[in-house]
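Subject: Handover of a structure

Dear colleague,

Please find the structure below, together with its sequence. My notes on it follow, and I would be grateful if you read them with the structure open beside you.

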Amino acid sequence: MQNSSSPLALEIRGLVKSFERPAVDRLDLSVPAGEFYSLLGPNGAGKTTTLRMVTGLLAPDSGSISVFGVDARRDPIGAKRIMAWVSDEPMLYDQLTPMEYLDFVAGLWGVDARLAAERARELLCCLGLAPFADERCGTFSKGMRQKLALAGALVHEPRLIILDEPFTGLDAGSSRIVKDVLRERVRAGCSVIMTTHILEVAERMADRIGVMAGGRLIADGKLDELRLRAGSGDASLEDTFLTLVAQERAAA
Amino acid sequence: MSASGSFQWFASHETRLAWRDWRWLMTRGRSERAGAAALGFVVFTLFMHALAYVALSRSLRPTETADVHELVVLTGVMVLGFSAMLSQAMESVTRAFYARGDLELILTSPAPAPRLFAVRIAAIAATIFSMSLALGAPFINMQALLYGARWLCAYLIVASLAMLAVAVAIVIVGALFGVLGARRTRLISQIVAAVIGAAFAIGLQFAAILSFGTMAVPRFAALEQLALEPTSPLLWPARAAFGEPAPLVLLVCLGAASLAVAIGVFAPRFGGLVLAAASTSYGPRKRSRPRAHFSDASPAQALRRKEWSLLLRDPWLMSQTLMQLLYLLPAAFLLWRNFFSETGVATFLAPILIMAAGQLGGGLAWLAVSGEDAPELIATAPVAAAKVLRAKTEAVLFGVGAVFLPLVGMLAFVAPFAALVALGGVTVAAGSATAIQYWFRAQAKRSHFRRRQTSSRIATFAEALSSNGWAGAGALAVTGTWFALVPGVFVIAILAGVWSVSPARSASAG
């Protein structure tokens with residue numbers, strides 16, 4: 001839940017990134033620690049570009065990014081140490097087993113070997129991958145790959161987890177498992193930022209929701225606050241979201 | 001307009017696809033490059049013809065009636081060409097079995113699939129023919145220009161050999177399917193294809209070493225040891241090249257008939273083989289070796305271990321990477337034969353080792369740098385980019401060292417100075433190839449290893465020039481001449497030029 005006195009997990013100020021046209025345009029965004037934040041927006045709104053800049057996968061043109069007070073542009077290693085990234089197309093090593101993959105990730109983040117093995121076993125068990133712990137990843141389905149990527153993001157116990165469309169292609173069972181794991185992490189004090197096109201997931205899971213369009217944050221708050229802003233009464237998040245985007249387009 | 005599902009309809013479909021693929025390869029999908037691509041094609045064609053003219057006008061004029069020496073040389077050229085064609089045909093046939101692109105669509109449609117497969121087999125033969133002509137046609141044309149139109153019948157010979165190669169390839173791959181099953185055939189077939197491609201050239205060198213004690217003899221001299229009679233059937237294909245009607249007709253009939261039989265027998269079965277291939281999982285099976293450990297090491301060590309674990313666990317990649325080392329076998333054999341004896345062997349070995357090290361280094365560097373399957377994981381890890389690059393470079397150089405240091409060590413017993421030169425050459429050649437891969441790195445799947453050359457032609461040429469240049473410098477350095485500096489400076493100039501146009505420089509300047 002949002003707490004005005006809590007430190008910010010993520011603070012973005014004046015972030016700009018242009019390719020052939022502006023993808024992110026003077027974006028300001030704050031996510032308090034311990035919050036589940038969902039970032040929504042139509043295709044091309046700049047969500048993924050924003051998150052890729054936060055994780056260091058893209059260099060911003062200008063602006064500042066701070067992760068738990070660490071300036072991600074000046075001290076990228078320090079910022080990376082406390083966050084994790086899960087993309088919508090998880091890339092794994094086909095020739096490694098899940099245990100080896102998690103061990104490798106732990107090696108990159110400098111997690112103690114014994115602790116890493118313990119966490120890896122727990123994560124694989126909790127994500128339903130334990131029976132496949134010693135099979136190589138090459139044969140895994142999309143859902144299994146997605147869950148293993150999530151396990152990789154959690155094995156070093158980050159303070160901020162950033163997920164890009166984590167539920168795309170997951171079956172109902174896998175989706176439930178991933179949701180449970182994320183909720184449990186937030187309860188334990190972790191912050192989560194997630195983009196998704198599945199608005200029901202955002203509606204049920206997020207403490208706060210941000211809506212991006214044209215590279216800017218056009219609305220931000222709890223669902224009720226968004227409804228108020230959109231003037232959509234008791235409408236669903238889907239209706240509210242569509243209204244907000246339509247209003248923005250009309251204003252532009 | 002031909003009826004849908006007919007041979008002509010499938011042929012026109014395949015032709016359209018082939019033309020668009022070729023056009024895309026030339027222009028990278030940008031229509032504005034079409035003019036430049038066409039100009040490049042014309043320049044290349046003229047250059048090859050000029051090269052062929054220079055080469056042929058300086059060689060001995062062929063006699064009207066071939067003597068045994070000429071026939072042997074021609075036979076050698078043809079066997080060399082056929083082994084390359086067979087290798088390429090096996091690659092193409094294997095790919096046709098395993099590619100899933102449009103095969104699911106074809107096999108689930110009511111169209112008669114055997115017709116498509118018949119067309120595809122013929123298309124493979126046409127492709128092999130065209131590829132052979134890319135290098136061979138200028139020589140055939142110039143030979144005809146200089147010595148008479150009868151040499152144009154070489155086109156028929158190339159076509160016959162292409163058809164024969166495809167027929168043999170289909171039989172071999174089909175037999176592998178029957179014996180090994182779908183799971184193993186892909187890997188084994190690709191390895192067999194590569195070995196066949198290299199076998200004849202390597203075999204000739206082995207024969208030369210056994211017969212003459214050195215590799216430095218005219219390429220086909222070893223064949224003359226067979227003491228063939230002029231009337232030997234083994235020389236008929238060469239006689240056909242000289243324009244003798246009976247051998248020519250026989251060769252063309254043999255090629256066409258073998259391809260027709262292969263199509264008749266295998267086209268109806270192709271669908272079944274494709275389905276067998278498609279229902280096989282090529283992914284790794286359950287772990288059968290000890291688990292690799294990463295977290296008990298530093299991030300750099302974890303990266304190095306990861307590179308080696310991935311390479312050692314992928315037999316296809318391993319075979320592709322090490323295939324170029326096949327060409328080292330004659331050199332190693334020569335070294336073994338001359339162990340503890342004072343010979344000029346070092347003059348040969350140092351440049352061969354250097355060239356092979358450059359090629360292996362380039363391949364390994366591509367895998368480590370561009371063929372990173374989880375680039376975002378590495379990029380978001382709390383490890384400095386410089387540290388990642390250093391760890392990957394160390395993994396590459398360690399691999400090159402593991403292969404070449406034992407050979408250099410053996411050479412040191414025979415010729416210490418040459419070994420020192422080889423050691424330096426191996427290091428700079430591998431280092432240069434690795435640097436080029438860094439400068440031109442482009443993210444790709446490891447499985448695209450065979451197609452890595454297409455990502456940057458500049459990098460490909462630079463890598464080849466660098467390896468060859470360092471090998472040349474090594475060859476001269478072994479003889480103790482300061483002229484060795486000339487190719488060395490040439491390579492450094494190339495590296496500087498390549499760096500100046502590389503994406504890495506643009507990125508650092510930006």
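In strand β10 of chain A, Ala219(A) is the bridge partner of Val211(A). Please bear in mind that this is a predicted model. The bridge belongs to the pairing of β9(A), residues 208–213, with β10(A), which is antiparallel and extends over 5 bridges. In general, strands of a sheet pair through backbone hydrogen bonds, in either a parallel or an antiparallel manner.

These two strands are part of an open sheet of 6 strands in chain A, ordered β6-β7-β8-β3-β9-β10, with mixed pairing. The edges are taken by β6 (83–86) and β10 (216–221) of chain A; each has a single partner strand, so one side of each has no neighbour in the sheet. From one strand to the next, the twist averages 15°. Helix α9(A), residues 237–251, lies across β3 (36–40), β9 and β10 of chain A and runs at about 35° to β9(A).

Chain A also holds an open sheet of 4 strands, in the order β2-β1-β4-β5, and its pairing is antiparallel. Here β2 (22–32) and β5 (70–71) of chain A stand at the edges with a single partner strand each, so one side of each is left without a neighbour in the sheet. Strand β4(A), residues 62–67, pairs with β5(A) in the antiparallel sense over 2 bridges, and Val67(A) has Val70(A) in β5(A) as its bridge partner. Helix α1(A), residues 47–54, packs on this sheet and touches β1 (8–18), β2 and β4 of chain A. The direction of α1(A) makes about 115° with that of β1(A).

How do two helices of chain A, α5(A) and α6(A), pack? Helix α5(A) covers residues 142–154 and helix α6(A) covers residues 172–187; their axes are 10 Å apart, at an angle of about 10°. The two are therefore roughly parallel to each other. On the α5(A) side the contact is made by Gly143(A), Lys147(A), Leu150(A) and Leu154(A), which meet Ser174(A), Ile177(A), Val178(A), Val181(A) and Arg185(A) in α6(A). By class, this contact has 5 nonpolar, 2 polar and 2 charged residues.

The contact between the chains takes 34 residues from chain A and 30 residues from chain B. On the side of chain B that touches chain A, α11 (299–312) and α15 (375–380) of chain B each supply at least two residues. That side of chain B divides into 15 nonpolar, 6 polar and 9 charged residues.

Within chain B, is Gly361(B) buried or exposed? Gly361(B) has 32 C-beta neighbours inside 10 Å and therefore counts as buried, the cut-off being 20 or more. Gly361(B) is placed in helix α14(B), residues 345–370. Leaving aside residues up to four places away in sequence, Gly361(B) touches Val396(B), Val400(B), Ala429(B), Ala430(B), Ala433(B) and Thr434(B). Of these, Val400(B) is 39 residues from Gly361(B) in sequence, with 6.2 Å between their C-alpha atoms.

Finally, some remarks on confidence. The model scores ipTM 0.75 and pTM 0.68. Chain B averages a pLDDT of 80, and 80% of its residues score at least 70. Over residues 282–287 of chain B, pLDDT stays under 50, and the model has 17 contacts beyond four places in sequence for this stretch. Where pLDDT is low, predicted coordinates should not be read in detail.

Yours sincerely,
A colleague

Key: Residues numbered from 1 in each chain as written. Chains lettered and ligands numbered in written order. Predicted model: local features only at pLDDT ≥ 70, side-chain atom pairs only at ≥ 80, totals over all residues. Axes fitted to C-alpha atoms, helices over the stretch in contact; angles between N-to-C directions. Parallel < 35°, antiparallel > 145°, perpendicular 65-115°, else oblique. Contact = placed C-beta atoms within 7 Å. Nonpolar A, V, L, I, M, F, W, Y, C, P; charged D, E, K, R; others polar. Buried ≥ 20, exposed ≤ 12 C-beta atoms within 10 Å, placed from the backbone. Pairing = 2+ DSSP bridges. pLDDT = per-residue confidence, 0-100.
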